[in-house]
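Okay, thanks everyone, I'll keep this short. Let me put the model up and then we can go through it together.

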Amino acid sequence: EEDAQCFVLDLGAYADRVRTHFLHHSKARGPCYARALIQRELFRNEDYYFQLDSHYRMIKNWDEELVTQLGWCPSSKPILTTYPSSYTLPDDYKPGGPDKAQLHPNKHP
């Protein structure tokens, strides 16, 4: 397909720690279906379960920040959730290139 380069994924050194499930957009049935599919197909009783889509941009040391936030939760099975900030990619952005997205906290698309 013409947008095949958008789905190139080279996990490199992380390939043994990250599982993926690609689904053609015509088979998609929404985020609840996707979460159920991932829990059924990919979850293997890990200590942490992290799910996101392609719209996220991460801060430096995001993983340490999330573990810290989990430590603040009194539950034995805490859930962290968020609605991601909107962002703008520069006009010269190339897929796979450096991410120079401008984040827009507190603004919704």
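I'll start with confidence, then turn to the aromatics and the surface.

So, this is a predicted model: local features need pLDDT of at least 70, side-chain atom pairs count only at pLDDT 80 or more, and totals for chains, interfaces and linings use all residues. Residues are numbered from 1 along each chain as its sequence is written, and side-chain values use heavy atoms, with hydrogens and water left out.

The average pLDDT (the predictor's confidence in each residue, from 0 to 100) is 82 for the chain, and 90% of the residues score at least 70. Helix 2 comes out highest, with a mean of 92, while strand 2, residues 102-104, is lowest at 79. Helices (H or I, at least four residues) and strands (E, at least two) are DSSP runs, numbered from the N terminus.

Phe50 and Trp62 have centres 5.0 Å apart and planes at 20°, so they're stacked. Phe50 sits in the loop between helix 1 and helix 2, and Trp62 is in helix 2, twelve residues apart.

Buried or exposed? Phe50 is partly exposed at 42% relative accessible area, and so is Trp62, at 32%. Buried here means under 20%, exposed over 50%, partly exposed in between, with a 1.4 Å probe and protein chains only.

Technical notes: Phe/Tyr/Trp six-rings, centres within 6.5 Å; stacked < 30°, edge-to-face > 60°.
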